[in-house]
Amino acid sequence: MENTNTKSVKVGELDFPPRKVWMKTYGCQMNYHDSERIVSHLSNLNFTLTDEKNEADLVIFNTCAVRDLANQKFYSALGETKHIRENPLIDPETGLKKDVIIAAGGCIAQTEGKDLVKKYKQLDFAFGTDVIDNIGEMVYRAYAGEKKFTVTTWDKSDNYSIETKITPGTPMAFVNIIKGCDKFCSYCIVPFTRGREKSRRLHEVVTDVRRLVEYSGIQEITLLGQNVNSFGKDNGESLAMLIQELDQINGLQRLRYTTSHPYDVTDELVAIHGSAKKLVNHLHLPVQSGSNTVLQRMLREYTIEHYLTLLAKMRKANPEIIITTDMIAGFPNETEEEHHATMDLLDKAQFDFIYGYTYSPRKGTKATRINDALTDDIRLRRLKEIQDKQMKIQASLRGEMIGKTYRVLVEDKNISKGVMKWSGRTSCHRLVHFEGDIPDKNYQWHWVDVEITSVTALSTQGKLITDFGKILP
């Protein structure tokens, strides 16, 4: 996003010349949505986004506390920024050393912000998940000379109201409809980093989406929430009611939502998967384990029998739907019998894809109080067994795609073995790669029909049949 403006903007007592912000986002779609909001707010202070960290006047890390790998990547990247202070770059326009502001936000900053600012001398400020819409005020404070501060307060209001911010130029948008989580699963840090559940009003979301479609050209919407199925329960509204309203918006082509909790999937929501024309043929429904005793220790509130019944209902309502899930291998003191119950679930559920992880303790969660006997080697071995079995199931399921034609929204391109290929997702969220029929033609954000020619467990190749352009007829 190139800033062609050369004029300063007066904000309060300060002048803000054109500056660049570099952001690194870790974690879930909610975090990426938050990053979009941050960049949008910073535009009011004359910032534009850059992909080059060395060009940046402001460096922001948007962090994730759910997975240990994301944690470690953040700490490593933050540590590397000390060279910015030790060896500052020279601004080519002024000839002066660049005074770069460094900030950390998101889930880790929510729980560890004060410690981060204290530990990392190069870190100017930290901010939590519930104050991202105040990023302009915090950046103003930093440029006014205030450093080493932390803002991690919670929104105490009963009403949750926002306007979606998007990145211009894409027909896809994330729309946050509920924040926080009331589940308190024994392994999960989210209630401590995102707070308690609070929904937007249905009419506000519908107005928000209609605005995005009519004025910004958005054609695919993903509704976001830590537990999106709980949307509206305190307002006498529901996710199914919202989907029904959004399904009526002209110009909207696809509607997705994530993430779901099996306990809160209602019959009303199941039915809407069979009737809503724009709701995609995909549901991400985290199961975490195939063992009822492990689910009890996780405080997940459902049984495997209940979960499998949900899958059967969904597939009856929409025979084209595919199901993806999350699984944790090696929950504290998981027995071999409990692990094999998860392996058995793979056969019964026939997932199209799983996001598999080994259990990693999160400070402050109930699971960390368990006197755990498992080793990392056991966890890794079990995860590999789960993944190996899932790959065989995936290869079989995706083999059924060969010869069929799917509609794809083209997102990106890459070079594979010297051949330029475009890629995009089907309604069922499978990524498809194909070659264009015209050299040097830009297919990004086009709607195309692609016939599947070959598949593996992780890759789907196709042949372009029809290019509809950026707008479907």
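## Before we start

Because the model is predicted, local features need pLDDT of at least 70 and side-chain atom pairs count only at pLDDT 80 or more, while totals for chains, interfaces and linings use all residues. Residues are numbered from 1 along each chain as its sequence is written, and side-chain values use heavy atoms, with hydrogens and water left out.

Helices (DSSP runs of H or I, at least four residues) and strands (DSSP runs of E, at least two) are numbered from the N terminus. Two strands pair if DSSP finds at least two bridges between them.

Let's begin with strand 3, which covers residues 19-25. Five of its seven residues are buried, so strand 3 is largely enclosed by the rest of the structure. Here, buried means under 20% relative accessible area, exposed means over 50%, and partly exposed lies in between (1.4 Å probe, protein chains only).

Strand 3 runs parallel to strand 4 (residues 47-49), and three bridges join them. In this pair, R19 stands opposite F47 of strand 4. To get from strand 3 to strand 4, the chain passes through helix 1 (residues 29-42), making a right-handed β-α-β crossover. Right-handed means that, with the strands pointing away from the viewer, the path from the first strand over the helix to the second runs clockwise. Strand 3 also pairs with strand 5 (residues 58-63), again in the parallel sense, over five bridges. There, W22 stands opposite V59 of strand 5.

Now for an open sheet of three strands, with the order 9-12-13 and parallel pairing. Its edge strands are strand 9 (172-176) and strand 13, each pairing on one side only. From one strand to the next, the twist averages 20°. For such angles, axes are lines fitted to C-alpha atoms (for helices, over the stretch in contact), and the angles run from 0 to 180 degrees between N-to-C directions.

Strand 9 and strand 12 (residues 220-224) run parallel and are joined by five bridges. V175 has L223 of strand 12 as its bridge partner. In a regular strand, side chains alternate between the two faces of the sheet.

## A barrel

Which strands close into a barrel? Five strands do, in the order 17-18-19-21-20, with mixed pairing. The twist here averages 50° from one strand to the next.

Look for Y406, whose bridge partner in strand 20 is V450.

## Two cavities

How many cavities of 30 Å³ or more does a search of the whole structure find? The search finds two. A cavity is a set of points, on a 1 Å grid over the protein atoms alone, where a 1.4 Å probe fits but cannot get out; lining residues have an atom within 4 Å of a point. Grid points are joined across faces, edges and corners, and a volume is the space filled by probe spheres set on the points.

The largest cavity holds about 40 Å³ of space, and R256, Y257, L279, V280, H282, L283 and H284 line it. Strand 14 gives the largest share of this lining, three residues. The second largest cavity holds about 30 Å³. Its lining has one nonpolar, two polar and four charged residues. In this scheme, Ala, Val, Leu, Ile, Met, Phe, Trp, Tyr, Cys and Pro count as nonpolar, Asp, Glu, Lys and Arg as charged, and the others, Gly among them, as polar.

Most residues other than glycine have a negative phi, and most peptide bonds are trans. Against that background, the peptide bond from T258 to T259 is cis, with omega near 5°. T259 sits in the loop between strand 13 and helix 9 (267-275).

K417 is not a glycine, yet its phi is positive, at about 55°. This residue lies in the loop between strand 17 and strand 18 (419-425), and K417 counts as exposed, at 86% relative accessibility. H429, also not a glycine, has a positive phi of about 70°. You will find H429 in the loop between strand 18 and strand 19 (431-435). With 26% relative accessibility, H429 counts as partly exposed.

Methods:
1 Å grid on protein atoms, 1.4 Å probe; cavity = no way out; pocket = protein on both sides within 12 Å on 5 of 7 lines; lining within 4 Å.
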